[in-house]
Structure formats: structure tokens, C-alpha cells
Amino acid sequence: MIAIVGGGPAALGAAIACQAHALVLERNPRPGTKLLLSGSGQCNFTNARPPEEFLNTLGAFRNWLKPAFYAFDNRAFINLLEDHGCPVFIRADKKAFPQSLKSADVLETLLRIAKSGGAEFMLNRAVQSIVREGDGFQLITADGSAIHAHQVIIAAGGASWPHTGSDGASYRFAESLGHTILKPRPALASVEIRNYAPFSKCAGISLRASLRLGKFKVEGDLLFTHKGFSGPLIIDNSWQMEAGQRMQLGLADAARFTALVVKQPRRRISSLIHELGLPQSLVQAMFEHLNIPGETTASQLKREHRELIASWLEGAEFSILKVESLATAMSDYGGVELKEINSKTMQSRLFPGLFFAGESMAYSLPSGGFSIQMAFSTGYLAGKSAMNCI
Ligand SMILES: Cc1cc2nc3c(=O)[nH]c(=O)nc-3n(C[C@H](O)[C@H](O)[C@H](O)COP(=O)(O)OP(=O)(O)OC[C@H]3O[C@@H](n4cnc5c(N)ncnc54)[C@H](O)[C@@H]3O)c2cc1C
């Protein structure tokens, strides 16, 4: 018997691979609480980009996750759901959802597939500890019962949104067995910004921008909030952010601004910058922030002010006050160090028979369906590998 701890997408991928050998232990009365919340209840379960593009989006974790992706890729996930009565809708931006836009349909379909393959589900079964015993493992659950398993797949999620049931238990189990845990930090999180007052009126503005964090530079969609920034550009890279850190945002083409100032001396500065794609409220907030009188014409603009605006448009500097907490961040970056897991099998490099899947592992992925896909894929690969050990 293969014990699978957890009942999220990683555990479901494992249960589908292990079929009648799977015993799924889920602490909640129902599996998949986080899956139900995903995509605002609509469940953006994968992304239909071509395989290479999909993998390249995984950034620093691309190579490590590649074997799991090819064990059960995005096309296979879409086909699995469609073949089992859950039609899929792929948006123009390649995000994939159930056609019904109801996450419950994805969850029910995966549960049905797992159960029809013979997987057994024990609900309200919080695992409290996992210890090595003989040639396998002993799992103690909250009701005091002991379960012996030859193989264990730890798929109890990460540490964000703990009220869904994923409260870092995966990390505690792995650590107690001797694995090294990267301390979890928020990921897929928005940030609050120091001295942000002038920009709070810009809440709701979304625009294309570049982000520079030290040597790292990336482009994406930026969203202004009441207290700071969100949107894919920020949340996808938030796993690398912390309070006190400085970031530069490239908001418009500075060279074009300088050229427009020279070419159109009678135009108001605010309308010139607006022409570069910045909404008026953001232009006004910029003037307030830089302490520059905005309503001058281009010819009246002092040279030092022109240079200040140009450099701000090219790389507006902001200091992070705080990153959204683990309680509300959509994911975390932390967990079992990847170097202690064989990426071709998801098996622990320390203990044969022990496997990891999903957010129990120290990776962080961008928004857009990549997290659920890779939770399922790593679960599936862990399940297949555990089956090979029987
Ligand atoms: C609000 C929100 C929206 C999201 N939207 C998306 C989206 O649209 N697309 C996307 O790709 N990703 C999204 N994500 C991220 C995605 O949901 C996760 O990456 C994914 O659920 C991780 O799967 P998992 O199986 O590793 O962990 P989880 O889904 O967290 O599942 C872990 C399971 O283990 C159980 N468990 C924990 N401890 C124990 C224990 N001791 N004993 C037994 N069971 C235990 C938990 O109850 C839980 O059911 C979203 C996350 C949040 C919070």
C-alpha cells in the first residue's frame, strides 16, 4: 500500500497513478479545499502553451520540473478531464478552465477517476507524524491509529492559506525524517510600498511595465493597489522579494519623452506623458511624488526636472514596506530542498520509499495555471515511481 498524505491536486495526481495501491489520508472532511478556491472558484488548472513555452515560463525551476512535466503534461491534463466528462475552455491568454467555470467540476472529475481506479480515501484523517519503521513507514493519525505503508508520498501542500488545511505539515514531516527545509516565504503575493501616499489614488490602474530587482529584469502587467503593487509582474516574482528591498519599475519610454519635449515645446508636460501611455492620475501622482509642478509647458520645464522625469519613467524606484503575509499569499516559496529529491522520480535522496509532490517542495511558479498543473504532474510522477518500487 502507498500512503498519500493530503488531498489536493498533488495527492490526486498520485492517487490516479497508484490506482488500487493508493490510500489517501486527508485531514479535512473533503479533499481539495484549495483547488476549490483556485482561480476565484473557476479553477485555472493549467496553461495550454506549447510544451517548450510552458517549461520556459517555470523560470529558475524549469529544468528541475521538466521530468515531472513530461510525465504528465498540460495536454495530458486537459485530455484527462475532457475524456472524463469535464469539458475544458482555453482562454485567448492560454489559461485553461473547466468550461462550466466551476472548480468543483475539476475536483469531482479527478476524484471520480481516482476512485474508479481503486484509490481509497480516508477523510477527517489528519496525519500527525511519520516515522521510519522496518522497511517502510508508520503514520500516526489524529485519532491515534497507526498505519503502516511501504511507500509514502508527502503531498500535504505548503504553508499559505493555512485555514484550507495546508499549514506546513509537509515541512514538519519532512524535517522530522531528516530533510532540510527552506523556510517558507510568501509567493504569488502583492507588496506594500513605503511612502506610497501619492499613488494610492492610482489603485486599479494596470499597465505593461518592467521590473528590476538587483540584476534580475523582467516585463509584465503591473497593477496599482491602494497600498502598493500587484498584478502578474509583481506576484509572479514576489518569492524573490522582502521588506526593505528596492525595486525599479520601468513605466514608459524615457527617450521618447525627451524627444517629445524637444519637438513639441508648447504642449503641457502632463499631456506629453499621457501620450506615452500613462493614465492622467498616475501622471499627477508622479508630479506630486517628484515634487515637480506638472502644469508647465515643455519649453518651461527646467532641465533638471526633465531629467528627473525621464529617469523616473525609465526606472521609478520604490522601497518594499512589506510582502503580503503567508495567511493570504496564494502560495509560498519554501519546503523540502530540491537537491534532496530526485527530480526524475520525486523520491527522497535520503530515504528510499519516501516521495514528495506539489507545494511540499521548495519551488515557486508564476500565476496562470502552472501551480496546479505542476502539483498534479509531480504527484503523478511520484505515484508512478512509488508503483515501480512495489
Ligand atoms: C486563493 C488561491 C487561488 C489559487 N488559484 C490558482 C489558480 O487559479 N491556478 C493555479 O495553478 N494555482 C492556483 N493556486 C495555487 C494552487 O491552488 C496550489 O498550488 C495547489 O493547490 C497546490 O497543490 P498541493 O496538492 O501541493 O497542495 P494543497 O492544494 O494545499 O493540498 C494539500 C492537502 O493536504 C491536506 N493536509 C495538510 N496537512 C495534512 C495532514 N497533516 N494530514 C492530512 N492531510 C493534510 C490539506 O487539507 C490539503 O487538502 C491558488 C491558491 C490560492 C490560495
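Among contacts in the protein chain with a separation of 6 or more, 72% are between residues 24 or more positions apart; two residues are in contact if their C-beta atoms, placed from the backbone, lie within 7 Å. The model is predicted: local features need pLDDT of at least 70, side-chain atom pairs count only at pLDDT 80 or more, and totals for chains, interfaces and linings use all residues. Residues are numbered from 1 along each chain as its sequence is written.

**Overall fold and domains**

The secondary structure of the protein chain comprises 13 helices and 21 strands, taken as DSSP runs (helices H or I of at least four residues, strands E of at least two) numbered from the N terminus. Its C-alpha trace spans about 80 × 40 × 35 Å along the principal axes. Of the 390 residues, 46% are buried, that is, 20 or more other C-beta atoms lie within 10 Å of their own C-beta atom, placed from the backbone.

An automatic or database assignment provides the domain bounds: domain 1 (2-186 + 328-388) and domain 2 (191-323). Their C-alpha centres lie 39 Å apart. Each domain gives 6 residues to the contact; on the side of domain 1, these are 3 nonpolar, 2 polar and 1 charged.

**Nonpolar core**

The largest nonpolar core has 113 residues, and Ile-4, Ala-14, Ala-15, Val-152 and Ile-153 have the most contacts inside it. Such a core is a set of buried Ala, Val, Leu, Ile, Met, Phe, Trp, Tyr and Cys residues joined through C-beta atoms within 7 Å. Helix H13 (residues 370-388) contributes the largest share, 9 residues, and at least three residues come from each of domain 1 and domain 2. Beyond neighbours within four places in sequence, Ala-15 contacts Ile-4, Ala-22, Val-24, Ala-114, Ala-119 and Gly-383.

**Ligand shell**

Of the 37 residues around the ligand, Gly-6, Gly-8, Gly-157, Gly-165 and Gly-358 come nearest; a residue is near if its C-beta atom, placed from the backbone, lies within 6 Å. Helix H1 (9-18), helix H2 (33-37) and H13 each supply at least two shell residues.

**Strand E5**

In strand E5 (residues 95-98), Lys-95 and Phe-97 point one way and Ala-96 and Pro-98 the other, all of them buried. Pairing requires at least two DSSP bridges.

| Partner of E5 | Sense and bridges |
|---|---|
| Strand E3 (residues 46-47) | antiparallel, 2 bridges |
| Strand E4 (residues 88-90) | antiparallel, 3 bridges |

Asn-47 stands opposite Lys-95, while Val-88 has Pro-98 as its bridge partner. The hairpin of E4 and E5 has 4 residues between the strands, and Lys-94 takes a positive phi near 80 degrees there.

Methods. Buried ≥ 20, exposed ≤ 12 C-beta atoms within 10 Å, placed from the backbone. Nonpolar A, V, L, I, M, F, W, Y, C, P; charged D, E, K, R; others polar.
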